[in-house]
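Please keep the 3D view open as you read.

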Amino acid sequence: MNPRVLQETALRYFLEVVRCGSISEASGKLNVAPSAISRQIARLESELDTLLFERRARGMVPSAAGELLAVHARHMQLEADRIGSEILALRGLQRGKVRLASSEGFAVDFLPAAIAAFRKRYSGIHFHLMVGSPAQATRHVREGDADIGITFSLKPEADITVSLRQPAPIMALVSPGHELAAKKHITLAQLQRYPLALPSPETTLRQLFDICCSRQNLAFESIFSSDYTEALINFAMLGGGVALAGEISVRYRIHQHRVVAIPIRDQGMDSRFIEVQTLANRTLPSATQVFLAFIKEHIPPGKLPLLPNPQVLTDIQTPHN
């Protein structure tokens with residue numbers, strides 16, 4: 001094999017086809033003619049003497065060899081990015097870009113506040129945030145599109161290093177004027193009396209809720225469902241009923257007394273975890289390492305990055321009377 005075949009251009013084209021699933025879509029993303037991409041992939045396959053893709057009616061899927069090459073190519077790209085960042089650091093430039101992926105619960109309050117607080121110290125660092133399902137956030141990390149993933153998880157993930165893992169119990173959210181607002185804790189059975197807003201079944205929150213209800217033979221009718229969790233939270237804040245969320249998703253609104261979060265004491269409702277994820281066996285650029293340490297410091301319950309003295313909120317344990 002000619003080692004030069006594994007050059008940057010060929011691997012870049014190859015990786016984009018892996019991401020897109022077709023040469024035509026990769027062509028649009030790269031602004032390169034499809035024929036040029038096809039030639040580079042054909043050259044790779046010829047030199048490596050193996051097929052890198054399975055051609056299907058609806059696109060292209062990496063073969064086993066293609067998957068191995070994709071892992072290698074992603075690591076090469078990430079290492080090149082890291083070296084570039086380190087060279088800038090040696091020149092005394094506080095520059096860099098941190099790419100984040102998260103599920104929705106972290107993207108509304110927590111991450112914007114953390115980024116704003118971090119940039120007061122390191123104004124040269126730029127950020128890009130991708131928001132999707134927990135599985136999508138992990139996939140972005142695994143495929144090298146994100147440096148750090150912050151998401152909810154129910155189980156370990158392959159090729160992922162977990163830098164921080166802590167319980168993220170599901171809580172009942174109500175408006176401060178709701179009759180449940182004075183409760184120190186509540187059970188699922190007690191929630192049956194109230195209008196309930198639930199997220200879609202694809203979320204870890206809904207999956208855990210359904211499992212716990214099934215164990216107790218509890219049936220709930222959701223009067224408001226959505227794949228946009230913020231709509232459900234706002235519904236509860238405005239007094240429409242009860243929504244469900246983890247504390248970190250509404251941390252600032254708890255502090256502002258706009259919503260009350262009540263612990264649900266049923267067994268299993270604390271089986272979900274916050275995970276801060278990075279790609280296994282990857283050395284992170286300096287800027288990313290510093291931000292990783294920063295968010296790990298501020299994820300524990302009640303930590304508010306923008307306050308002069310971050311504090312644990314008593315609202316979490318003792319809702320307002």
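Aspartate 147 and arginine 99 are both buried, in a model that, please bear in mind, is predicted. These two residues form a salt bridge, with 2.9 Å between the closest N and O atoms. Aspartate 147 sits in the loop between α7 (134-142) and β5 (148-153), while arginine 99 belongs to strand β3 (residues 96-103), so the bridge ties together parts that lie 48 residues apart in sequence.

Of the eight residues in β3, seven are buried, so the strand is mostly covered. On the β4 side, β3 runs parallel to strand β4 (residues 125-132), and eight bridges join the two. Histidine 128 in β4 is the residue that stands opposite arginine 99. β3 also runs parallel to β5, with three bridges between them. Here serine 102 has isoleucine 150 of β5 as its bridge partner.

How many salt bridges does the structure hold? The count is 15.

| Salt bridge | Closest N to O distance |
|---|---|
| Aspartate 147 and arginine 99 | 2.9 Å |
| Arginine 253 and glutamate 230 | 2.8 Å |

Let's turn to the pair formed by arginine 253 and glutamate 230, whose side chains meet in a salt bridge. This pair links distant parts of the chain, 23 residues apart: arginine 253 is in helix α11 (residues 251-255) and glutamate 230 is in helix α10 (residues 229-237). Both arginine 253 and glutamate 230 are buried. Elsewhere, salt bridges with shared partners join Glu16, Arg19 and Asp145 into one network.

Is glutamate 45 buried or exposed? Its relative accessibility is 12%, and because buried means under 20%, glutamate 45 counts as buried. Arginine 55, by contrast, has a relative accessibility of 47% and therefore counts as partly exposed.

Now for a helix pair. The axes of helix α6 (residues 110-121) and helix α12 (residues 286-298) come within 11 Å and cross at roughly 125°. The two helices are therefore oblique to each other, and α6 passes α12 in a right-handed crossing. Residues of α6 that take part in the contact include Phe110, Ala114, Ile115 and Phe118. On the α12 side, the residues they meet include Val290, Phe291, Phe294 and Ile295.

Our last stop is an open sheet of three strands, in the order β10-β7-β11 and with antiparallel pairing. Its edge strands are β10 (243-246) and β11 (260-263), each of which pairs on one side only. From one strand to the next, the twist averages 45°. Strand β7 (residues 170-174) pairs with β11 in the antiparallel sense over four bridges, and methionine 171 stands opposite proline 263 in β11. Which helix packs on this sheet? It is α10, which touches β7 and β10 and whose direction makes about 120° with that of β10. Helix α10 is also where glutamate 230 is found.

Conventions:
Residues are numbered from 1 along each chain as its sequence is written. This is a predicted model: local features need pLDDT of at least 70, side-chain atom pairs count only at pLDDT 80 or more; totals for chains, interfaces and linings use all residues. Side-chain values use heavy atoms; hydrogens and water are left out. A salt bridge is a side-chain nitrogen of Lys or Arg within 4 Å of a carboxyl oxygen of Asp or Glu. Buried means under 20% relative accessible area, exposed over 50%, partly exposed in between (1.4 Å probe, protein chains only). Two strands pair if DSSP finds at least two bridges between them. Axes are lines fitted to C-alpha atoms, for helices over the stretch in contact, and angles run from 0 to 180 degrees between N-to-C directions. Angles under 35 degrees count as roughly parallel, over 145 as roughly antiparallel, 65 to 115 as roughly perpendicular and the rest as oblique. A crossing is left-handed if the near helix is turned anticlockwise from the far one by less than a right angle, and right-handed if clockwise. Contact means heavy atoms within 4.5 Å.
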